[in-house]
Amino acid sequence: MKYFNTRSMLLVVALLVVPCSKVVAQNRYSAPPPEELPRTLRALDAALFDSFNRCDLDKFASFFVDDLEFYHDKGGLTLSRKSLVESIRNNICGKMRREIVADSVEVHPVPGFGAIQMGVHRFYELNAKQGSAPVGAARFIHLWQYKDGTWKITRVISYDHGPAQN
């Protein structure tokens with residue numbers, strides 16, 4: 001039985017994937033220039049979580065694709081925008097607000113697709129004063145897709161950051 005060596009296998013994969021990715025990039029991807037990406041995603045994040053904090057679930061839902069995958073280290077896997085919105089409606093609305101830790105945010109382009117945004121955010125009880133101690137903090141990773149002139153989140157990973165004050 002003959003086996004491919006690693007170099008041969010990588011060459012085959014490159015020959016198959018690279019031409020396909022260029023076709024996808026040419027057909028539906030025309031994102032802002034990389035230097036504008038951090039500002040663009042900061043604005044999107046602000047609008048997303050403004051709708052989250054105000055419990056404007058129609059607006060909140062508009063930031064996600066229908067077949068969203070949301071991985072949460074405590075809540076498990078959520079496999080649709082509809083399920084995420086219901087979870088927010090039943091567990092968060094009227095109870096929590098979110099604030100991003102501004103200096104924690106990183107943005108990385110994903111050529112031909114969109115961008116990765118990651119950082120830390122803190123959650124506060126809704127009746128807590130601005131600047132009061134958070135009840136939790138989490139690291140997040142958002143995979144944003146830029147398609148047909150619109151940014152939407154396709155995948156989310158959220159996991160415990162440790163003590164809420166950090």
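**Figure 1. Overview of the chain.** Of the 166 residues in the chain, 31% are buried (under 20% relative accessible area; exposed is over 50%, partly exposed in between; 1.4 Å probe, protein chains only). The model is predicted, so local features need pLDDT of at least 70 and side-chain atom pairs count only at pLDDT 80 or more, while totals for chains, interfaces and linings use all residues. Residues are numbered from 1 along each chain as its sequence is written, and side-chain values use heavy atoms, with hydrogens and water left out. The secondary structure consists of four helices and seven strands (DSSP runs numbered from the N terminus: helices are H or I, at least four residues; strands are E, at least two). Their order along the sequence is α-α-α-β-β-α-β-β-β-β-β. Among contacts (heavy atoms within 4.5 Å) between residues at least 6 apart in sequence, 57% join residues at least 24 apart.

**Figure 2. Salt bridge between aspartate 66 and arginine 81.** The two side chains meet with an N to O distance of 2.0 Å; a salt bridge is a side-chain nitrogen of Lys or Arg within 4 Å of a carboxyl oxygen of Asp or Glu. Aspartate 66 belongs to strand 1 (residues 64–72) and arginine 81 to helix 4 (residues 81–91), so the pair ties together parts that are 15 residues apart in sequence. Aspartate 66 is exposed, at 53% relative accessibility, whereas arginine 81 is partly exposed, at 21%.

**Figure 3. Salt bridge between glutamate 69 and arginine 155.** Here the side chains meet at 3.3 Å, N to O. Glutamate 69 is in strand 1 and arginine 155 in strand 7 (residues 150–160); the pair links distant parts of the chain, 86 residues apart. Arginine 155 is partly exposed, with 28% relative accessibility.

**Figure 4. Network of Asp50, Arg54 and Asp56.** Salt bridges that share partners join these residues into one network. In the bridge between arginine 54 and aspartate 56, the closest N and O atoms are 3.7 Å apart. Aspartate 56 is partly exposed, with a relative accessible area of 27%. The whole structure holds eight salt bridges.

**Figure 5. Buried side of helix 4.** Leu84, Val85 and Ile88 of helix 4 are buried. These residues lie on the same side of helix 4 because they cover an arc of only 95 degrees around the axis (taken from the directions from the helix axis to the C-beta atoms). An α-helix has 3.6 residues a turn, so residues three or four places apart point the same way. The buried residues of helix 4 pack against helix 2 (37–54), helix 3 (57–61), strand 1 and strand 2 (76–78).
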